[in-house]
Amino acid sequence: MNQGGTSFSPRRDAVILIVDDAPDNLSVLRKLMVEQGYQTYVANSGERALEIARRVHPHLILLDVIMPGMDGFETCRQLKSHPATEDIPVLFMSARNEQEDVVTGFELGAVDYIGKPLRMAEVCARVRTQLQIRFATETQQEQSERLRTIVNNMAEGLLIIEADGRIQFTNPACDQHLGYMAHELAGKSISDLLNPLVADEYLEYFARYAANPETAHSHGTREVIIRHRTGKSVCMDLTLTPMFLRQPLFIGLLHDITHHKLSEDALQRAAMIDPLTKIANRRHFDSFLEKEWQRAMRTGAPLSLVVLDVDHFKLYNDTLGHAQGDVCLQQVAQAIGGHALRVTDLAARYGGEEFVLLFAETDADAAFQMAESIRTHVESLRIPHPRSATSPFITVSIGVATLCPTPSDNIESLFVAADRAMYVAKEDGRNQVRATRPPTTAIEAARAIRGQI
């Protein structure tokens with residue numbers, strides 16, 4: 001029997017509760033609902049209906065209005081006042097069809113009102129409609145809950161931004177990344193988080209595509225610096241995508257790349273550091289020298305280069321072994337590095353036992369004094385050198401060259417001058433400093449030194 005005559009297939013778990021004090025009505029309605037494929041419960045009083053509803057949570061309640069004791073209206077009122085049953089749709093059945101009764105039923109929260117005597121095909125159709133609405137609502141709620149769970153558990157931060165730059169929503173990951181409490185960012189502007197120039201660029205993008213939604217496209221991913229609530233800077237990848245519903249909105253995804261940047265910076269630092277001595281390597285020094293050379297040409301300030309070599313180091317290695325030689329170089333490097341104190345100073349291992357130091361904005365006299373300080377520092381380490389003809393301890397020979405670069409000069413000339421000066425120091429007995437003297441240029445100094453050798 002199918003008095004509903006419909007293509008709708010009820011869910012097997014659809015549960016109906018029928019409440020009526022008349023046994024004949026209960027019997028007829030129960031038989032009808034079972035034939036429709038619904039799991040059916042019956043109650044002959046309001047009190048019993050409340051008990052069953054709180055226990056089985058039916059999808060729909062067919063509720064008679066006129067019952068002794070607790071009538072249908074009071075039963076509905078109590079159903080709607082209890083958290084476990086407040087969302088269950090109630091469909092009233094009653095011979096009281098006056099407008100006042102119908103209005104009262106809807107005011108109490110009923111979804112429909114059927115007058116008696118009941119027309120069973122109509123009852124089936126109305127039940128079917130309310131179940132469709134109920135299941136559709138549940139599906140939407142489930143989808144919304146699923147989406148909410150996904151958004152709340154994303155590792156990436158999510159922002160919903162309005163066309164004027166106002167933040168409408170943030171998920172927990174976004175709040176955590178930026179140090180805010182839940183909902184604290186809502187109402188703030190992206191200008192509160194981004195560099196003004198970057199914020200203005202995004203605001204212009206918002207305005208342009210809000211005015212012409214059909215031309216909207218993803219803004220793509222870019223690396224941005226975002227202000228943390230504490231004021232520190234956080235490095236993020238920001239991906240923006242337009243979303244047009246009732247108003248133009250923009251979905252922002254934030255991916256924290258701080259760890260990546262730290263790793264990247266660490267790799268860059270590693271690429272600039274000599275692995276043995278832990279001071280700058282030749283590649284870093286050459287790059288640093290080029291930068292300071294260009295700056296010195298602009299400012300006219302002197303640039304001083306110090307080149308030094310560990311005396312008799314091959315004999316040291318041959319006598320004590322390469323492992324001990326490495327330890328020696330590490331100690332010398334640390335002593336040298338301790339004299340490069342300014343951001344414009346740099347000490348580096350240039351190869352083997354050769355080291356270099358650059359002192360920007362340093363004249364010849366100051367550079368010579370610094371080189372002499374380095375020489376005495378290394379000697380004071382008192383690293384034993386059993387086969388040195390110069391000293392019983394490790395010593396260094398140092399060459400210094402100073403130049404105020406001009407467009408006609410080149411970096412190689414400075415190196416040649418300092419290197420030649422170092423070889424003069426070696427020829428003169430080692431463990432000493434030799435320097436070019438201004439106002440000669442580096443090339444002239446090199447020629448002069450060549451003549452002395």
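The questions and answers below concern a helix pair and a sheet in a predicted model.

Residues are numbered from 1 along each chain as its sequence is written, and side-chain values use heavy atoms, with hydrogens and water left out. Because the model is predicted, local features need pLDDT of at least 70 and side-chain atom pairs count only at pLDDT 80 or more, while totals for chains, interfaces and linings use all residues.

Me: At what angle do the axes of α9 and α13 cross?
Reply: Helices here are DSSP runs of H or I with at least four residues, and strands are runs of E with at least two, numbered from the N terminus. Axes are lines fitted to C-alpha atoms, for helices over the stretch in contact, with angles from 0 to 180 degrees between N-to-C directions. The axes of α9 (residues 282–299) and α13 (residues 411–427) come within 11 Å, and they cross at roughly 115°.

Me: Which residues of α13 does α9 meet?
Reply: Contact means heavy atoms within 4.5 Å. From α9, the residues taking part are Phe285, Leu289, Glu290 and Trp293, and those they meet in α13 are Ile411, Leu414 and Phe415.

Me: Which strands stand at the edges of the open sheet of five strands?
Reply: Two strands pair if DSSP finds at least two bridges between them. The order is β12-β13-β11-β14-β15, with mixed pairing. Each edge strand has a single partner strand, so one side of each is left without a neighbour in the sheet; these strands are β12 (345–351) and β15 (433–435).

Me: What is the bridge partner of Val400 in β15?
Reply: Strand β14 (residues 396–403) runs parallel to β15, and three bridges join them. In β15, the partner of Val400 is Ala435.
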